[in-house]
Amino acid sequence: MIYNTQRKKLPMPEYGRGIQEMVDYALTLENREERQRCARTIVSIMGNMFPHLRDVPDFKHKLWDHLAIMADYKLDIDYPYEVTPRKVGGDSKPSPMAYPMKKIRYRHYGALLEALIRKLTEMPEGAEREELTLLVAGQMKRSLGNWNKDAMDDDKVALDLDHYTHGTVHLDRERFHLFSDQYDKAQPGRAPVAYRNVGRKNKRKN
């Protein structure tokens with residue numbers, strides 16, 4: 001018994017070994033017209049394997065490109081499209097991407113939220129900054145809930161926001177309570193956890 005691991009590696013495994021054998025057969029045909037007819041038949045079969053992709057732009061062009069790849073660009077026929085040239089070093093592995101190491105003060109908030117908080121400090125005081133402050137505080141509270149449900153506290157959010165902005169941005173607690181209530185009512189399915197009354201309960205305990 002011969003296993004696939006013992007056979008030649010397929011350049012386009014998604015088409016299977018049967019299609020590859022058809023392409024290999026087309027390469028053996030000496031008559032150009034026969035090769036051309038064989039190539040059209042192969043491409044037609046390839047297209048029938050993925051009928052849901054027929055509406056994808058340049059679908060047929062890609063099929064002919066794949067045929068050229070499976071034939072190792074050695075199939076002498078008249079391609080109806082300009083075949084995409086072979087990529088230099090296409091078989092080589094891409095170089096690893098450097099991981100963006102950023103120092104984050106509180107990892108549960110993440111780098112994007114910290115960048116947004118920095119943007120707050122650059123904005124002039126006014127209604128626009130106040131509205132953005134509420135949005136940022138709301139996301140901070142949801143991030144706290146994802147990290148630790150018991151840590152969801154308005155005082156904690158206000159304190160962290162104060163630390164982040166070095167006291168230049170202050171959170172209006174009363175407006176924030178109303179904002180949290182309105183957000184939950186407007187988007188009940190999107191809130192990760194129920195947090196509307198957490199801060200109030202903590203205040204009552206104190």
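**Notebook: salt bridges and a helix pair**

I looked up Lys156 first: its relative accessible area is 29%, so Lys156 is partly exposed (buried is under 20%, exposed over 50%, partly exposed in between, with a 1.4 Å probe and protein chains only). The model is predicted; local features need pLDDT of at least 70, side-chain atom pairs count only at pLDDT 80 or more, and totals for chains, interfaces and linings use all residues. Residues are numbered from 1 along each chain as its sequence is written, and side-chain values use heavy atoms, leaving out hydrogens and water.

Lys156 forms a salt bridge with Asp160, with the closest N and O atoms 3.3 Å apart (a side-chain nitrogen of Lys or Arg within 4 Å of a carboxyl oxygen of Asp or Glu). Both lie in helix α6, four residues apart (helices are DSSP runs of H or I, at least four residues, numbered from the N terminus). Asp160 is buried, at 1%.

I searched the whole structure and found nine salt bridges. Arg32 pairs with Asp76 at 2.8 Å between the closest N and O atoms. Arg32 is in helix α2 and Asp76 in the loop between α3 and α4, 44 residues apart. Arg35 also forms a salt bridge with Asp76, at 3.7 Å between the closest N and O atoms. Arg35 is buried at 10%, whereas Asp76 is partly exposed at 43%. I noted a salt-bridge network linking Arg32, Arg35, Asp76 and Asp78.

Next I checked α2 against α3. Their axes come within 10 Å and cross at roughly 120 degrees (lines fitted to C-alpha atoms over the stretch in contact, with angles from 0 to 180 degrees between N-to-C directions).

Technical notes:
Helix = DSSP H or I, 4+ residues; strand = E, 2+ residues; numbered from the N terminus.
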